[in-house]
Amino acid sequence: MTDDKREITRRELFTTAAGASAGLLVGSAFAPGRAFAGPKGEKLPQVPRRVLGKTGKKIPILLLGGAVGFDKRFDPKIAEALRFGVNYIDAADCYNGGSCEPAVASFHKRAAVRDKLWITSKSDAHDPEGFEETLETSLRKLQTSYVDMYYLHAFGDPADLNDKLGKVVARLKKAGKMRHFGFSCHDGNVAELLHLAAKTPWVESVMFRYNFRQYGDKKLNAAIDAAHGAGVGLIAMKTQGSEASFSGAWKKFEKTGKWNKHQAVLKAVWQDKRITAAVSHMDTFEKLRDNLAAALDKHELTQVETDALDRYAQTTRSLACDGCDHLCGAAVDAPVRIGNTLRYLMYHDVYGEPDKARELYRKLPVLARDVGGVDFSGANAACPNGVDVAAHMKRAAEVLA
Ligand code: SF4
């Protein structure tokens with residue numbers, strides 16, 4: 001059995017990874033051309049790759065999420081991930097206050113590995129002119145002449161995916177500034193947008209909110225089938241499904257095998273072969289190594305592990321918000337933004353990003369934050385997941401204001 005085919009144990013991975021990162025952390029230069037080698041030049045096991053739909057390109061099943069904020073000079077976690085074949089970086093013009101793209105540039109410049117990386121970035125401007133301008137800015141900030149993929153970020157309005165934008169995308173691709181196009185989405189109309197992607201030939205990939213809580217969702221499943229069938233490359237995000245104010249909720253996961261909750265939910269997503277990859281925000285070496293161990297392990301979850309995840313999903317269902325606030329928002333007589341607010345609360349409680357959560361919350365219109373005296377009882381009743389909207393909105397106002 002060759003080295004890359006043998007199964008690495010968690011212990012081996014930790015030992016190897018620790019050795020590799022130790023070299024980097026003590027300041028040794030990242031050696032160009034040794035991106036996929038261990039500290040002694042040995043070939044390390046590589047994370048499996050899958051074809052990303054009609055792009056025809058193979059990408060790793062585990063992707064490096066850029067919203068966590070990379071080290072601006074040289075992020076050793078990217079180097080560590082790269083050694084195990086995780087060469088896809090998911091950036092955006094706005095991530096980490098706009099510092100994500102320059103940090104990615106610093107990394108690939110210093111390591112001289114631009115040609116070994118797949119860089120995706122995203123535009124928050126969705127109109128054709130704004131999209132093109134943002135791409136040009138991204139290329140400058142990323143210090144590269146092209147991005148492998150450029151997404152409309154947080155896409156939500158189907159009308160934005162129009163012929164005018166299609167022509168701009170085709171021109172930018174022909175000019176070699178972007179290789180592929182798609183969009184990311186996480187609002188309540190994800191299923192609708194997946195169907196739209198399936199009907200739009202120039203949409204090559206969609207990154208969407210998908211996690212273990214949604215496996216029984218027939219509408220979403222039909223939309224995933226349609227997009228997958230049309231060759232749209234699908235990337236899962238927000239796989240942890242711990243949204244809203246549920247700090248500590250993940251601890252209720254009953255570990256029945258070798259995987260913790262974060263690893264189990266990733267493995268559950270990878271078991272869905274319609275999904276090419278999952279993006280993960282790995283802000284520590286511990287999370288990176290945990291996720292690498294899960295990705296490198298070739299076994300699927302056992303029935304016992306799957307049952308434990310199902311039980312966890314059921315018992316914590318009312319503790320997770322899906323962002324579908326067209327349902328609960330319509331039952332409140334005030335201009336509040338429930339989906340956004342509970343997402344920021346998730347950043348605060350679950351993702352460990354209180355500063356980012358407060359910053360985003362404070363950008364909401366004043367009236368959207370004015371929850372005093374607002375009657376949320378209708379929202380509580382309207383939520384299909386039984387989320388206690390009233391309690392979470394009140395707490396969000398307390399901890400995020
Ligand atoms: S509170 Fe319920 S209805 Fe409202 S956005 Fe969250 S999951 Fe959807």
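Analyst: Terms to begin: helices (H or I, at least four residues) and strands (E, at least two) are DSSP runs, numbered from the N terminus. This is a predicted model: local features need pLDDT of at least 70, side-chain atom pairs count only at pLDDT 80 or more, and totals for chains, interfaces and linings use all residues. Residues are numbered from 1 along each chain as its sequence is written.

User: Where does Lys238 lie?
Analyst: Lys238 is in the loop between strand E9 (233–237) and helix H9 (261–270). Its phi is positive, about 55 degrees, although Lys238 is not a glycine.

User: Is Lys238 buried or exposed?
Analyst: Lys238 counts as buried, with 22 C-beta neighbours inside 10 Å. Buried means 20 or more other C-beta atoms within 10 Å of a residue's own, exposed 12 or fewer, partly exposed in between; C-beta atoms are placed from the backbone.

User: Switching to H8. Which residues are buried there?
Analyst: Ala223, Ile224 and Ala227. Down the axis of H8, they fall within an arc of 100 degrees (taken from the directions from the helix axis to the C-beta atoms), so they line one face of the helix.

User: And on the other side of H8?
Analyst: Lys218 and Gly229 are exposed there.

User: What do the buried residues of H8 pack against?
Analyst: H7, E8 and E9. Contact here means C-beta atoms, placed from the backbone, within 7 Å.

User: Why is H7 largely enclosed?
Analyst: Because seven of the ten residues of H7 (residues 190–199) are buried. Their cover includes strand E7 (181–185), strand E8 (205–209) and helix H8 (218–229).

How values were computed: Two residues are in contact if their C-beta atoms, placed from the backbone, lie within 7 Å.
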